[in-house]
Amino acid sequence: MSEHEELLKVAVQMRKGVFCLFSALRFFHIETHLERGIWLAVPPQYKPPKITPSKLYYARLSGAAFSSGIETHVVNGLQIRVYGVAKTVADCFRFHRRIGFQVALNALRQAWISNRLDIEELLHYAKILQVEEVLHPYLASLIWHKRTESP
């Protein structure tokens with residue numbers, strides 16, 4: 001049984017969706033201790049099928065906020081679409097009222113510590129999602145902290 005079996009079941013049913021937020025964090029092993037259902041980004045006009053798993057949450061995104069940052073991964077022979085690490089961190093800041101601000105901060109910190117965060121890419125998605133002002137002080141703090149730790 002794959003650790004991503006739930007994602008595969010949803011991916012087969014909802015091919016237009018993109019795994020985001022908690023699902024993307026778990027996929028990339030960031031914030032893995034949080035089990036908050038399956039999160040799927042969908043376009044605003046998308047009508048989900050009637051048969052869906054429980055604990056499925058939607059984030060409705062449009063334009064570049066929906067279409068940018070999508071990565072395709074093959075899991076057990078099936079393709080799934082998931083937002084990359086930088087886009088996921090930016091999404092966490094955009095949806096901080098729904099998922100909790102501490103989740104956004106932890107995602108940023110863990111992605112940074114694991115060296116999986118491209119700063120330019122993160123700032124690109126922050127601009128698209130209009131969260132630059134919210135994100136910038138926390139990102140600056142991480143960068144400053146890293147510089148002060150260097151010998």
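**Figure 1. Helix H4 passes helix H7 in a right-handed crossing.** A crossing is right-handed if the near helix is turned clockwise from the far one by less than a right angle, and left-handed if anticlockwise. The model is predicted: local features need pLDDT of at least 70, side-chain atom pairs count only at pLDDT 80 or more, and totals for chains, interfaces and linings use all residues. Residues are numbered from 1 along each chain as its sequence is written, and side-chain values use heavy atoms, with hydrogens and water left out. The axes of H4 (residues 85-94) and H7 (residues 119-128) come within 8 Å and cross at roughly 45 degrees; axes are lines fitted to C-alpha atoms, for helices over the stretch in contact, and angles run from 0 to 180 degrees between N-to-C directions. The two helices are therefore oblique to each other (angles under 35 degrees count as roughly parallel, over 145 as roughly antiparallel, 65 to 115 as roughly perpendicular and the rest as oblique).

**Figure 2. Residues in the contact of H4 with H7.** Ala-86, Lys-87, Val-89 and Ala-90 of H4 meet Glu-121, Leu-122, Tyr-125 and Ala-126 of H7 (contact means heavy atoms within 4.5 Å). These residues comprise 6 nonpolar, no polar and 2 charged; Ala, Val, Leu, Ile, Met, Phe, Trp, Tyr, Cys and Pro count as nonpolar, Asp, Glu, Lys and Arg as charged, and the others, Gly among them, as polar.

**Figure 3. H4 and H6 are packed in a left-handed crossing.** The axes of H4 and H6 (residues 101-113) come within 8 Å and cross at roughly 155 degrees, and the pair is therefore roughly antiparallel. From H4, Val-85, Val-89, Cys-92 and Phe-93 meet Phe-101, Ala-104, Leu-105, Ala-107, Leu-108 and Ala-111 of H6. By class, this contact has 10 nonpolar, no polar and no charged residues.

**Figure 4. H4 is largely enclosed by the rest of the structure, because 9 of its 10 residues are buried.** Buried means under 20% relative accessible area, exposed over 50%, and partly exposed in between (1.4 Å probe, protein chains only). The buried residues of H4 are Val-85, Ala-86, Lys-87, Thr-88, Val-89, Ala-90, Asp-91, Cys-92 and Phe-93.

Figure 5. Helices (H or I, at least four residues) and strands (E, at least two) are DSSP runs, numbered from the N terminus. Along the sequence, the pattern is α-β-α-β-β-α-β-β-α-α-α-α-α. Of the 151 residues, 48% count as buried.
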